[in-house]
Amino acid sequence: MAELIALLDGTEVRRVRSEARGRLTFVYDNAWRNAEGAYPLSLSMPLAAEEHGPATVRSFLWGLLPDNEQVLERWAKKFQVSARNVFALISNVGEDCAGAIQFVTPDRLGTLKTGEDDKIEWLDKPEIANRLRVLREDHAAWRLPRDTGQFSLAGAQPKTALVLKDNKWGIPSGRIPTTHILKPPTGHFDGHAENEHICLQLARELGLPAAETKVMRFEQEIAIVVERYDRQVSGNDIIRVHQEDICQAMGIPPTKKYQNEGGPTPADVVELLRTYSTDREADLETFVSALIFNWLIGGSDAHAKNYSLLLASGALVRLAPLYDIASILPYDHVDQRKIKLAMKVGGEYKLDQIGLRQWQKFARETRVDADVLIATLNSMAGQIPDLVADIRTRAQKEGLENAVIERLATALSTRAKDCEHVLKGI
C-alpha cells in the first residue's frame, strides 16, 4: 500500500492511500476532524466521516490535474509513471496545487516540515520570455525539464505558475507557493490573453468578484498574468487559501465538467450554494449574475470547473471570484449561429435561442426571483457598451495592440444592444 500525506496550509490532515489494484481511499486524522476551525478537504468528503472511498477521492485528485492530455503524457514520461494513474501523477506534482492542499510523499514530509528545500530560483525578464516562448510553441511545456519546483493546475490552456516576491519573479520549491499564473496566447484563438483580461475587467466593472489580471510583456512575449485568489500575502509569508471547483465539491470527475456530458446544471450549483454557502444570498446573486454575464458576452466555456468554492476555518464556504472567462464573439472562424453555452438556460444551450422566456423558465426552475433576474439582465446589458468603451481606451493606454481588442469591443457592444432588444421582445 502506498500513501500520500495531505497537508492543508501546512497542517497534516491525514493520508490518501493507494491499496491493491489502485483502490484509493482518504482518511482524516481525528485530531484534525475535532480541531477548532477545521474544514474539509472537499465538500464531497465531509469531516463527519473519517474515511472516504475511491470514486470521490479519484474525482477530487483528477480535478487537481490539467485537462490536457499532452501535459499528462509529458509528466508521465518525465516521472516514469502511467498517464492514467492519478495517484502516481499527484505524487510527483502535488506539492503546489489549487487551494491550500499539498500532497506529499512520506519520504518528503520531514524535508518539507523543516523547510530545508524552501528556495526560489529567480528569473529575469529574458528567462521568463524564453519560458513563455517555449510554452507558446509547445503547450505541454508547463515547466522546463531541469526545474525542481513542480505545480499542478486544472484547465486545458497552456500556462505556467510563478511566485512574485519583492517585485521579482521566480520558481518556488518546498513550502513556498506560486502566486501568479501566466498564460501565453494560443494560436487557435489569437489574442486570447487580451480577451480574457478585458472580459474579467468588464466583470469587475459590473460589480462581479473576479480574479485580478494584467497583460504583461516580457521581451517580445506577451501573457495574461492572473493573481491567484487562493494565495494571500501576510508579512513575508504567502498563505495558501483552500478552494475546490464545483465538480470536486460534488464528487464529479472532470471528464463530466460540461452539462451535456452529465455535469452539473445551473440548478445543481444553485442548490449546492443554498446548502453550503455561509452567505447564500450574496453567492446566489453572484452565480446568477455570472450566468447572465456569460450569456451577454458569449462566454461559451463557463462549465462547472470554471466555478469554485473557497473553504476556510469553521466550515466557512463562499463562492470564489470568477476566472477563465473569455468571449467567443470576436473570432471570425466561429459560426455565431452555432455558439452554445456550457450550461443550459431555461432548457437551451444555443446563444441565439436564449431570450426572455428562457430566463423566466430558468427563474422558475431555480426558485430565483424573476423580476430581480430580469432587472439584472437589463441593467448589465445597458451598462456594457459604455464600460467596454472605457476599458478599450485603457487597454490602448496600457500599450495593448492586438487586433482582437477592437473586434471584441465592437462585438460586445453590439451583442449587449441585441440582448436588450431580445429582452424587450423587439
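Colleague: How many residues line the second largest pocket, and which of them lie nearest its centre?

Modeller: In this predicted model, 16 residues line the second largest pocket, and R175, I176, P177, I238 and R240 lie nearest its centre. Helix 5 (106–114) and strand 13 (237–240) are the elements that give two or more residues to that lining. Strand 13 gives the most, with four residues. The space in this pocket is about 340 Å³.

Colleague: What makes a residue count as part of the lining?

Modeller: A lining residue has an atom within 4 Å of a point of the pocket. By class, those of the second largest pocket are six nonpolar, three polar and seven charged.

Colleague: How much space lies in the largest pocket, and which residues lie nearest its centre?

Modeller: The largest pocket holds about 1000 Å³ of space. Its lining has 48 residues, with G155, Q157, K183, N306 and D324 nearest the centre. Helix 7 (192–205) is one of the elements that supply at least two residues, and helix 7 gives the most, with three. The lining divides into 18 nonpolar, 18 polar and twelve charged residues.

Colleague: Where is Q358, and what does it touch?

Modeller: Q358 sits in helix 11 (residues 356–366). Leaving aside residues up to four places away in sequence, Q358 touches V345, G346, E348 and Q353.

Colleague: What makes the pair of Q358 and G355 a polar contact?

Modeller: A polar atom of the Q358 side chain lies 2.8 Å from the backbone nitrogen of G355. The cut-off is 3.5 Å, so the pair meets the distance limit.

Colleague: Which residues of helix 3 are buried, and how do you know where on the helix they lie?

Modeller: In helix 3 (residues 69–79), V71, L72, W75, A76 and F79 are buried. Viewed down the helix axis, these buried residues fall within an arc of 135°, so they line one face of helix 3. Their cover includes helix 2 (54–62) and helix 4 (86–93).

Colleague: What is found at the start of helix 3, and what follows the helix?

Modeller: At the start, a side-chain oxygen of N68 comes to within 2.9 Å of the backbone nitrogen of Q70. After helix 3 comes Q80, with a positive phi near 55°.

Terms used
Residues are numbered from 1 along each chain as its sequence is written. This is a predicted model: local features need pLDDT of at least 70, side-chain atom pairs count only at pLDDT 80 or more; totals for chains, interfaces and linings use all residues. Side-chain values use heavy atoms; hydrogens and water are left out. On a 1 Å grid over the protein atoms alone, a cavity is a set of points where a 1.4 Å probe fits but cannot get out, and a pocket is an open set with protein on both sides within 12 Å along at least five of seven lines; lining residues have an atom within 4 Å of a point. Grid points are joined across faces, edges and corners, and a volume is the space filled by probe spheres set on the points. Ala, Val, Leu, Ile, Met, Phe, Trp, Tyr, Cys and Pro count as nonpolar, Asp, Glu, Lys and Arg as charged, and the others, Gly among them, as polar. Buried means under 20% relative accessible area, exposed over 50%, partly exposed in between (1.4 Å probe, protein chains only). The arc is that of the directions from the helix axis to the C-beta atoms. Contact means heavy atoms within 4.5 Å. A polar contact is a pair of N or O atoms within 3.5 Å; within protein, one must be able to donate a hydrogen and the other to accept it, and residues adjacent in sequence count only if both atoms are side-chain atoms.
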